[in-house]
Amino acid sequence: MGVTLEMIKWEHSIFALPFALTGAMLAAHGLPRPMQLLWIIVCMVTARSAAMAFNRWADASLDAANPRTRTRAIPEGLLTGSFVAGFTCVMAAIFVLAAGQLNRLTLLLSPLALAVILVYSYTKRFTRWSHLALGLALGIAPAAAWIAVRGSLDPRIFILTCAVMFWVAGFDVLYACQDAAHDTSAGLFSVPSTYGIAAAFWIARALHFIMLLLLVWLVRAFSLGPAAMIGVALVAILLLYEHLIVSPGDLRRLNAAFFTMNGVIAAVFFLFVAADLLLRHH
């Protein structure tokens with residue numbers, strides 16, 4: 001179990017879950033019903049577990065050839081490919097069942113959601129913009145949560161979907177800088193391997209700037225108040241710090257930027273939007 005949890009990096013659920021909960025609270029104008037929250041969390045955890053396990057299964061041979069990833073569970077022989085494939089199927093099945101507990105539209109759209117999050121694993125084989133595909137995989141979370149609460153869709157929630165997409169793409173571009181040389185030699189595509197690490201940093205900064213503009217638009221679109229704007233300002237400060245602790249010539253603190261700061265960013269934004277909605281509600 002420990003090896004499996006390490007493989008799917010379950011603790012990184014903090015990246016997408018707060019944005020899903022933000023979408024749910026925006027849809028409910030406050031707190032969703034307890035059972036809605038429960039099934040949304042089950043959907044988030046199982047979908048993400050399926051996506052991570054599938055990625056490890058699909059990339060097993062690529063991981064084995066990369067010095068940074070050759071110690072992962074499948075290349076190391078800690079888990080078999082068939083076990084990981086089976087785990088993926090079980091998580092996907094639980095996801096669909098959980099989606100069915102929410103409403104008819106979530107059930108009907110659950111195969112589409114699975115397709116988006118699973119297909120990402122193959123995108124780096126043919127496009128340098130796989131970072132945006134990963135961003136979309138996480139970005140659909142708030143829209144899905146909105147559907148889970150309302151049983152319908154409001155175009156305004158796509159602002160948050162796009163914000164999450166550009167945010168994730170930005171930090172994934174930075175993270176991919178570690179593998180730029182390997183990706184080039186292995187025939188894989190990424191922004192750093194295509195344009196170089198220095199240019200990749202500027203592209204990541206641009207993606208995060210777009211994310212901030214979208215968050216401001218989101219606050220205005222939903223007529224949120226000062227607490228939400230403070231949340232956006234804090235996100236801007238945290239992103240600035242993230243970009244200051246790494247540079248094209250020094251990637252040593254990249255894991256700190258990637259894991260710690262992005263988890264904090266997601267949590268901070270959710271907490272301030274939640275506070276805004278709850279203060280307004282009362």
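Leaving aside neighbours within four places in sequence, H131 is in contact (heavy atoms within 4.5 Å) with A169, D172, V173, A176, S190, V191 and P192. H131 belongs to helix α8, residues 130–150, where helices are DSSP runs of H or I with at least four residues, numbered from the N terminus. Because its relative accessibility is 2%, H131 counts as buried; buried means under 20% relative accessible area, exposed over 50% and partly exposed in between, with a 1.4 Å probe and protein chains only.

This is a predicted model, in which local features need pLDDT of at least 70 and side-chain atom pairs count only at pLDDT 80 or more, while totals for chains, interfaces and linings use all residues. Residues are numbered from 1 along each chain as its sequence is written, and side-chain values use heavy atoms, with hydrogens and water left out. The pLDDT, the predictor's confidence in each residue from 0 to 100, averages 91 over the protein, and 96% of the residues score at least 70.

M165 lies in helix α9, residues 157–176, and is 34 residues from H131 in sequence, with 8.7 Å between their C-alpha atoms in space. Not counting residues up to four places away in sequence, M165 touches L132, G135, L136 and G139. M165 also counts as buried, because its relative accessibility is 16%.

Two packed helices are described by the angle between their axes and the distance between the axes. The axes of helix α3 (residues 34–58) and helix α6 (residues 81–100) come within 8 Å and cross at roughly 155 degrees; axes are lines fitted to C-alpha atoms, for helices over the stretch in contact, and angles run from 0 to 180 degrees between N-to-C directions. The crossing of α3 and α6 is left-handed, meaning that the near helix is turned anticlockwise from the far one by less than a right angle, whereas clockwise would be right-handed. The residues of this contact of α3 with α6 divide into 17 nonpolar, 4 polar and no charged, where Ala, Val, Leu, Ile, Met, Phe, Trp, Tyr, Cys and Pro count as nonpolar, Asp, Glu, Lys and Arg as charged, and the others, Gly among them, as polar.

Helix α2 (residues 17–28) also meets α3, their axes coming within 11 Å and crossing at roughly 145 degrees. The contact is made by L17, A20, L21 and A24 of α2 and by L37, I40, I41 and M44 of α3.

Technical notes
Helices (H or I, at least four residues) and strands (E, at least two) are DSSP runs, numbered from the N terminus.
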